[in-house]
Amino acid sequence: MYQLENLTWAEAKEAFTKCKTAIIPWGSIEQHGLQLPLGTDWFASEFMIKDLLTRDYPAMVTPPMPVGFADYHSDFPGTLSFSYDTVKQMATEICSKLVSYGITHFLFYNCHGGNAAPLGRVCYDLRKKGFVAGVFMWYELAGKINKEWAALGHADGSESEVVMAHKPGLVDLAKAKRPVHNDFGVLTMPDVGILLYQDMLPIHMTIRVQDFTPSGAMLEPHLHPGADHGQWVEEVDPAKAIPMRKAVNDYILGFLPEFEKIHFEPIVSKFP
Ligand SMILES: [Zn+2]
């Protein structure tokens, strides 16, 4: 892997002749419950990428972006956020430069759920221009590879393990509280934005995090149905983050050559 910011322009020029794909890590600065620092998702991007950069594969890795779209967390002090449109614009402009250096395939190594929609929109626009682009979340892959690594929600044990492995000393697990979501009268919210009446059919509601969790931590059973949501931070072991990271990056290393076989033609509009 090539680490863009460490190269001279002449080295980058040479490296771009060998790379089809750019890997673009994206984090967030946002509240993460009572035990985790605001930089958790950014730290996760640094932690995951650190191992990826040691792998032998010709792809260009850009620096992890620290801030994303997290406005719905911003009732908790310290959260930073660009607007949805700003994230989309920033990613578009980064990709347009990479295109001019010869990149044709884009993989967003996303470390925050709120970025998925604006980055997905950028992928949509790239596809129209004939490029190949995708987004994945490390914590979704991790739990699919091994259910012991499954994310239970926002500010859970798996995020705690990653930060403890990367920045020992920043996490005080004694402060962690298992989330209890607010109910809305007889309506319950077992998952983020999922309202249930009589425990039956889901109604999707867009809300701010403070509307349903006083600590900022959130249960998100949709991430890994069937995972043991009784556990929160009881079995945290930062040593588990190392094989998890390796397995996620092994998967991405296997995926990349197949991803690069995909070829699309630009969509030509008949309208101006
Ligand atoms: Zn997070």
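**Figure 1. Helix 6 and the helices around it.** The buried residues of helix 6 pack against helix 2 (40–52), helix 5 (138–145) and helix 7 (241–259), where helices (H or I, at least four residues) and strands (E, at least two) are DSSP runs numbered from the N terminus. This is a predicted model, in which local features need pLDDT of at least 70 and side-chain atom pairs count only at pLDDT 80 or more, whereas totals for chains, interfaces and linings use all residues. Residues are numbered from 1 along each chain as its sequence is written. Because 10 of the 10 residues of helix 6 (residues 157–166) are buried, this helix is largely enclosed by the rest of the structure. A residue is buried if 20 or more other C-beta atoms lie within 10 Å of its own, exposed if 12 or fewer, and partly exposed in between, with C-beta atoms placed from the backbone. The buried residues of helix 6 include Glu159, Glu161 and His166, together with Val162, Val163 and Met164.

**Figure 2. The crossing of helix 2 and helix 6.** These two helices pack at an angle of about 65°, with their axes 9 Å apart; axes are lines fitted to C-alpha atoms, for helices over the stretch in contact, and angles run from 0 to 180 degrees between N-to-C directions. The crossing of helix 2 and helix 6 is left-handed, a term used if the near helix is turned anticlockwise from the far one by less than a right angle, with right-handed used if clockwise. On the helix 2 side, Thr40, Phe43, Ala44, Glu46 and Phe47 meet Glu159, Val162, Val163, Ala165 and His166 of helix 6, two residues being in contact if their C-beta atoms, placed from the backbone, lie within 7 Å. By class, this contact of helix 2 with helix 6 has six nonpolar, two polar and two charged residues; Ala, Val, Leu, Ile, Met, Phe, Trp, Tyr, Cys and Pro count as nonpolar, Asp, Glu, Lys and Arg as charged, and the others, Gly among them, as polar.

**Figure 3. The crossing of helix 2 and helix 7.** Helix 2 also packs with helix 7, at an angle of about 60° and with the axes 9 Å apart, and the crossing of helix 2 and helix 7 is right-handed. Phe47, Met48, Asp51 and Leu52 of helix 2 make this contact with Arg245, Lys246, Val248 and Asn249 of helix 7. The residues of the contact divide into four nonpolar, one polar and three charged.

Figure 4. Five strands form an open sheet in the order 1-3-2-4-5, with parallel pairing, where two strands pair if DSSP finds at least two bridges between them. The edge strands are strand 1 (2–3) and strand 5 (132–137), each of which pairs on one side only. Strand 1 is joined to strand 3 (residues 60–61) by two bridges, the two strands running parallel, and Gln3 stands opposite Val61 in strand 3.

**Figure 5. The hairpin of strands 7 and 8.** Strand 7 (residues 188–191) and strand 8 (residues 194–196) pair in the antiparallel sense over two bridges, and Asp191 stands opposite Ile194 in strand 8. The two strands form a hairpin with two residues between them, and Gly193 in the turn has a positive phi of about 75°.

**Figure 6. The loop between strand 8 and strand 9.** Asp199 is placed in the loop between strand 8 and strand 9 and has a positive phi of about 55° although it is not a glycine. Because Asp199 has 7 C-beta neighbours inside 10 Å, this residue counts as exposed. Met200 lies in the loop between strand 8 and strand 9 (202–204) and, with 7 C-beta neighbours inside 10 Å, Met200 counts as exposed. The C-alpha atoms of Met200 and Val122, which are 78 residues apart along the chain, are separated by 35 Å.

Figure 7. Ala155 is found in the loop between strand 6 (153–154) and helix 6, and its phi is near 75°, a positive value in a residue other than glycine. Most residues other than glycine have a negative phi. With 27 C-beta neighbours inside 10 Å, Ala155 counts as buried.
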